[in-house]
Amino acid sequence: MIFRIAAGFLVGALVFLAASLSLSEYYLNEETRLLAAGDLRGALEAARMAARLDPFDPEPLEGESFILQQQGHYEEAASSLRTAIERDPHNYVLYLMLGNLQYTRLNNLGSAVENYRDAVRLNPNATAASTVLAQALMRKGDLEAAKEVYEGLEEERRITFQGLYDLGRIYVRTGEPRKGLESIKRAKRMAQIGLNKLEGPLKTQRQELIESMDLAIADALVVQGRYAEAREVIAGSSSEQAPALLQLLDSNPRAYHEAVVSSEIY
């Protein structure tokens, strides 16, 4: 008799769970539909209902976080992602998402670095996670740690031209300007590949990046004391900064040198 009652209870619990999961899926679909229709409030309610009905799935909380970010509620969005991580602590993407939110919206570089490190620990082959970790460390002012991450990516041939550019600028500021110059030149060559195939804002953005690489090359030359070569590079630049840099180089090259090695990297 007791066995029958226990079995009946178990069957009832499984039926209830199946119904809850099915309803959760329904509300996830509702969230997508309402979001597409521009109803953020309705989509948020649907995401929260889906999260309550399925206490194991992190997906509803990801959707909830996305909607909250659209509404400008970044702290709440971060809280949703933390709960999602509690549900699925081995999902590196969740740590990456939380780190991105802390980095770009909450200006919490310390926490962003911690979450990026967790993402890399869970998936060492995730190039994007390692790249943003290095960028956050660089923004935080920890150039040595950022250099280590970038050098690892370079050794594994997974570094992007932006990463190589950052690494070069780090070298210039940490006493290795020759290596910095080589890295920046390589980054420029990589960035120029396929430039002609780009159009519109993407092409403009790439051209502006290449222009900034030229000035970084001049910076590396100045730090090495190669002023004539630096002057030639700056004179050939169409950057708005070029005239002021030329004036500084001509009037006080030592001040230019000090300005480079003490400047932050963005």
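This is a predicted model: local features need pLDDT of at least 70, side-chain atom pairs count only at pLDDT 80 or more; totals for chains, interfaces and linings use all residues.
Local features need pLDDT of at least 70 and side-chain atom pairs count only at pLDDT 80 or more, while totals for chains, interfaces and linings use all residues. Residues are numbered from 1 along each chain as its sequence is written, and side-chain values use heavy atoms, with hydrogens and water left out.

**View A. Packing of helix α12 (residues 227-235) with helix α13 (residues 242-251).** The two axes come within 9 Å and cross at roughly 160° (axes are lines fitted to C-alpha atoms, for helices over the stretch in contact, and angles run from 0 to 180 degrees between N-to-C directions). That makes α12 roughly antiparallel to α13 (angles over 145 degrees count as roughly antiparallel, under 35 as roughly parallel, 65 to 115 as roughly perpendicular and the rest as oblique). Tyr-227, Ala-230, Arg-231, Ile-234 and Ala-235 of α12 meet Ala-242, Leu-245, Leu-246, Leu-249 and Asp-250 of α13 (contact means heavy atoms within 4.5 Å). By class, this contact has 8 nonpolar, no polar and 2 charged residues (Ala, Val, Leu, Ile, Met, Phe, Trp, Tyr, Cys and Pro count as nonpolar, Asp, Glu, Lys and Arg as charged, and the others, Gly among them, as polar). Helices are DSSP runs (H or I, at least four residues), numbered from the N terminus.

**View B. Packing of α9 with α11.** The axes lie 10 Å apart, at an angle of about 20°. α9 and α11 are therefore roughly parallel to each other. On α9 the contact is made by Phe-161, Gln-162, Tyr-165, Arg-169 and Val-172; the α11 residues include Arg-206, Leu-209 and Ser-212.

**View C. The largest pocket, with about 430 Å³ of space.** On a 1 Å grid over the protein atoms alone, a pocket is an open set of points where a 1.4 Å probe fits, with protein on both sides within 12 Å along at least five of seven lines; lining residues have an atom within 4 Å of a point. Grid points are joined across faces, edges and corners, and a volume is the space filled by probe spheres set on the points. Of the 20 lining residues, Tyr-165, Ser-212, Leu-215, Asp-219 and Gln-241 lie nearest the centre. α11 gives the most to this lining, with 6 residues.

**View D. The second largest pocket, with a volume of about 180 Å³.** Its lining includes Arg-117, Pro-124, Ser-130, Glu-148 and Gly-152. α6 (109-122), α7 (127-140) and α8 (143-155) each give two or more residues. The largest share, 5 residues, comes from α8.
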